[in-house]
Amino acid sequence: MSEITSESRICDACLAPDSFGLIKRETYDRKYGFKLPVKDHGIYFFDMDQSDLLASAEQGCYFCDLLHQLSQHPCSGERKTTKFNVRICHKEAWAGLQEARPVSHHSGRLLDVGSESFSSLKLIEDQFLAAPYLALSHCWGDHRPLTTTSQTLEQRKYSIEWSSLPPVFQDAVTVTRELGVQYLWIDCLCILQDSVRDWEEQAAQMGQIYSNSYVTILAASSPSSLVPFLTSRETIVCEGVNIRFGKDHYVGVRNIGGTDHSDQPLHHRGWAFQEEILSTRIIRFTRKEVKWECQTLSCCECGAHPLHDMKEAENLQHTNSDIQQHWYNLVEQYSYRSLTFSCDKLPAVAGIAAVAHQKFGCRYLAGLWEKTLIQDLAWRRKSGLLLETPRDISQRLPTFSGASVDEGIEYAFLPTGFLTPEKNAIIRSTSIELTGANPFGQVEGGSIVLDAPVVEVNLRYHSVEWEPIDGRRKWFVKTRNCYIDDTLDELQDVQLDTLLCQDSFTDTNGVTIRSAQRANRGAVPQDFECKVRLLSLFVRRKKRTLLVLSIPKPPDGSCERLGLVAYYDPEKIKHDWFENAQVVLTKII
């Protein structure tokens, strides 16, 4: 066993004053004058480039030399079984697998994997089955996997040949059998792929399917069903060593980035988001290792434990945090996921919305909640993203919903302190047009009617970014291709929701009005000038958060949402745009 003494030389990197240093400049033992930080059960991770580590070791740093030696001796990298971790979790949380509470399955179909390696596979339909089952979360990819349709259902119930299963499904069956469970749920086998009715029914139950699963298998490393996830992996684990520093410690080494799974194909799939969030227990198969996550334990294959409460923090059913902020965090994360069909934007998180509804206790409005609607409207396109992907207007999603844009969104202007009540918008009515029976599923329209101060301004949509117009100060700061008349004050932190195009119409008095509207997919940006409206949502500490809207259009006087802006109106400015603004009844669709 190695031992640190008072003569051991320690470099400044190892003695960093922040939380990233391996050793703290705090007194653990007066003999040494510094200590090892207590974290992750005594297993420490040192984030340093290999060349820097070697250079510091050559200069005599005890720890850098130790870590460099460890990094030269990787483990064999053999895959460890996940059965041990499953049983440990079950013992702590549910008092053992055999005593587990039977789970009622709501979909009516499961894949019976049999009890032996060569047992036949088949689908079963039993609405009253109460037994543990596993669920698979996977990428379909460009290749359509094996599916069940109305025509093949009876055949699937009789038998499914092992050789007909793609590699990912075979691996999932193998894991299910290894864990001693008889049933497995796979979306494309358990949902009839040619039945809209069956798909809608199953999509409405998706949250229950994954939250009730005994364990969810995340085939994180497989871009499609043709790429297996039970394969040899890149080694990330290196040997560890016990050292004595006042008391015994264990120090191990692994490659930087080994614990990150954001580069895995499944991480970018929209449907996989709620499948992960709603699952009680997860086995994540990445390119480099197997990870286990549940409500009480989170660990990776090397034996480290860097994510103690990740699932507890993300799972809506067990969160004790502010549900509104928690919802915003989930929406922001989900907005970066990709979907094959844009019409799945809301159905793919319907399960999460159904669980969140139990917390909010109010009406759901295409990603927003009636109780917190004023704040929920304060979403914006993520800063730094270019306006390159207009929405597909054929989907008819309400423009007030963040689901109407195909880019990442964020909640940048949310009020965290005192609001000025008399300056807030007031909701008068809301409506949502659903395409099916699921209140959290796909929509084909909707509107919000509110009373709020409104001003009308000139907008110039220009192709050159940051360019002043006619020598006057007329622009939206931080906004691409958009300027506004503003000779006295400056608007700040503006984000358009998507590309715009000009919209001309005749009002009720026969006057031609030129305004703006969201461009459809494939539109070519063009320069134009028009009128738009700014609607004041709320005021906090002299800062207004405004919606950018199109001019009301006949016959119902509705507006499209075009963007969001924060506007400072401190007391010393010469002119407040909203000082004499009229409160107008406004309908946003």
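**Figure 1. Helix α9 gives the largest share of the lining of the largest pocket, three residues.** Welcome to a predicted model, seen here at its largest pocket, which holds about 920 Å³ of space. In total, 29 residues line this pocket, and W140, W271, T340, F341 and D344 are the ones nearest its centre. Besides α9, the elements that contribute two or more residues to the lining are α6 (187-190) and α7 (196-204). By residue class, the lining divides into 14 nonpolar, eight polar and seven charged.

**Figure 2. Helix α9 meets helix α11.** Staying with α9, we now look at its partner. The axes of α9 (residues 270-277) and α11 (residues 323-334) come within 10 Å and cross at roughly 145°. On the α9 side, look for G270, F273 and I277; on the α11 side, they meet L330, Q333 and Y334. Four residues of this contact are nonpolar and two are polar, with no charged residue taking part.

**Figure 3. The largest nonpolar core of the model has 99 residues.** A second, separate core has 19 residues, among them L459, L500, V532 and V565.

Figure 4. Which residues does L111 contact, leaving aside its neighbours within four places in sequence? They are L121, K122, L123, I160, V173, Q182, Y183, L184, I186, L189 and C190.

Technical notes
Residues are numbered from 1 along each chain as its sequence is written. This is a predicted model: local features need pLDDT of at least 70, side-chain atom pairs count only at pLDDT 80 or more; totals for chains, interfaces and linings use all residues. Side-chain values use heavy atoms; hydrogens and water are left out. Axes are lines fitted to C-alpha atoms, for helices over the stretch in contact, and angles run from 0 to 180 degrees between N-to-C directions. Helices (H or I, at least four residues) and strands (E, at least two) are DSSP runs, numbered from the N terminus. Contact means heavy atoms within 4.5 Å. Ala, Val, Leu, Ile, Met, Phe, Trp, Tyr, Cys and Pro count as nonpolar, Asp, Glu, Lys and Arg as charged, and the others, Gly among them, as polar. A nonpolar core is a set of buried Ala, Val, Leu, Ile, Met, Phe, Trp, Tyr and Cys residues joined through side-chain atoms within 4.5 Å. Buried means under 20% relative accessible area, exposed over 50%, partly exposed in between (1.4 Å probe, protein chains only). On a 1 Å grid over the protein atoms alone, a cavity is a set of points where a 1.4 Å probe fits but cannot get out, and a pocket is an open set with protein on both sides within 12 Å along at least five of seven lines; lining residues have an atom within 4 Å of a point. Grid points are joined across faces, edges and corners, and a volume is the space filled by probe spheres set on the points.
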